[in-house]
Amino acid sequence: MQIQTDFKDRILYMRLNGEMDEHNAALARRTADRLADDYAHSERAVIDLSNVSFMDSTGIGFLIGRYKKFKRYGIPVYVMNPTYNADKILQMSGVYTLMPKI
Amino acid sequence: MENYMKLTLAALGENEGFARNAVAAFALCLNPSLSELSDIKTAVSEAVTNCIVHAYKGQGNGSIGIECRIEPTAEGGILHITVTDEGCGIEDVEKAVQPFYTTLDEAERSGMGFTIMQTFMDGFALDSGKGNGTRVSMFRRIGATQQNTEKERVDA
């Protein structure tokens, strides 16, 4: 799973590509946490899920983990463009109460 | 049409994608909608990940059994899925199925696996005991809710 990055108007955009399961998540965790350190001056972070073709409950843990990491820098995190599959999981687990969908 | 398949897999993370896609490919004979297929893949992924991460504790030296059976119905069919392992088993089954309960918090596991299996499938049963392995049985009716448009149907 890869992450494409864009930084515009003090907003850090992270676009995830691939399938989010336990096996694929480790690299994405490390990459996103490094981005948090590198872009600690961001006003907010946006995680774009439009290219995540599959997500299981690993995605819940991944997003809450990143929420906590960015929170240390006082950066709020938002979720963008979840697919049907991801949206269903994120809705039922209450992730959007921490990281609103925009 | 009566149909079934059996798979035995090494309990490796590399097989998570294969396992859910194999079951989805098998389910195509019921002409499922994209959302039905997506729900089945997610539920299978949860069950298989549990075997790898919890039953065999990520050591990769166990085996996972997946059995699928199609029960024909007037509307289409019922896909029965059983995922079994011979791993450590679950001491407290009632606790394990509670939303957000996890024994692996530090590994960013959400504790939502069984909740997702219960929500995404039409039936779910968990049979396990300490030292006795685990069997997850679940089923999903395909074609029962005919709200799926023809356009959404997967071209099998």
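## Basis of the model

The model is predicted, so local features need pLDDT of at least 70 and side-chain atom pairs count only at pLDDT 80 or more, while totals for chains, interfaces and linings use all residues. Residues are numbered from 1 along each chain as its sequence is written, chains are lettered from A and ligands numbered from 1 in the order in which they are written, and side-chain values use heavy atoms, with hydrogens and water left out.

## The interface between chain B and chain A

The contact (heavy atoms within 4.5 Å) involves 26 residues of chain B and 21 residues of chain A. The size of an interface is often given as the accessible area lost when the parts come together. Here the two chains bury about 1800 Å² between them, with 52% of that area on carbon and sulfur atoms. Buried area is the accessible area, taken with a 1.4 Å probe, that two parts lose on being put together, summed over both.

Across the interface, 14 residue pairs are in polar contact, both residues being at pLDDT 80 or more. A polar contact is a pair of N or O atoms within 3.5 Å; within protein, one must be able to donate a hydrogen and the other to accept it, and residues adjacent in sequence count only if both atoms are side-chain atoms. On the side of chain B that touches chain A, helices α1 (15-27), α2 (34-55) and α4 (113-120) of chain B each supply at least two residues. The most comes from α2(B), with 9 residues. Helices (H or I, at least four residues) and strands (E, at least two) are DSSP runs, numbered from the N terminus. By type, this side of chain B has 6 nonpolar, 12 polar and 8 charged residues. In this division Ala, Val, Leu, Ile, Met, Phe, Trp, Tyr, Cys and Pro count as nonpolar, Asp, Glu, Lys and Arg as charged, and the others, Gly among them, as polar.

## Salt bridges

Side chains of opposite charge can pair when their charged atoms come close. A salt bridge is a side-chain nitrogen of Lys or Arg within 4 Å of a carboxyl oxygen of Asp or Glu. The structure holds 14 salt bridges over all chains, and the count between chain B and chain A is 6.

One of the salt bridges pairs Arg109(B) with Glu22(A), at 2.5 Å from N to O. Arg109(B) lies in the loop between α3 and α4 of chain B and Glu22(A) in helix α1 (residues 22-38) of chain A, so this pair joins two chains. Both Arg109(B) and Glu22(A) are buried, where buried means under 20% relative accessible area, exposed over 50%, and partly exposed in between (1.4 Å probe, protein chains only).

Arg29(A) and Glu108(B) form another salt bridge, at 2.7 Å from N to O. Arg29(A) is in helix α1 of chain A and Glu108(B) is in the loop between α3 and α4 of chain B, so this pair also joins two chains. Arg29(A) is buried at 15% relative accessible area, and Glu108(B) is buried at 18%.

Within chain A, Lys101(A) and Asp87(A) meet in a salt bridge of 2.9 Å, N to O. The pair links distant parts of the chain, 14 residues apart: Lys101(A) is in the segment after α4 (95-98) of chain A, and Asp87(A) is in helix α3 (residues 84-93) of chain A. Lys101(A) is partly exposed at 41%, whereas Asp87(A) is buried at 17%. Salt bridges that share partners also join Arg29(A), Asp33(A), Arg66(A) and Glu108(B) into one network.

## Cysteines

The whole structure has 0 disulfides over all chains, a disulfide being a pair of cysteine sulfur atoms within 2.5 Å. For Cys29(B), the nearest cysteine sulfur is that of Cys68(B), 9.7 Å away. Cys29(B) is partly exposed, at 34% relative accessibility. For Cys88(B), the nearest cysteine sulfur is that of Cys51(B), 10 Å away. Cys88(B) is partly exposed, at 28%.

Ala96(B) is in helix α3 (residues 93-96) of chain B and is buried, at 14% relative accessibility. Leaving out residues up to four places away in sequence, Ala96(B) touches Ile90(B), Tyr101(B) and Phe114(B).

Thr82(B) belongs to strand β3 (residues 77-85) of chain B and is buried, at 18%. Not counting residues up to four places away in sequence, the residues that Thr82(B) touches include Gly65(B), Ile66(B) and Val136(B).
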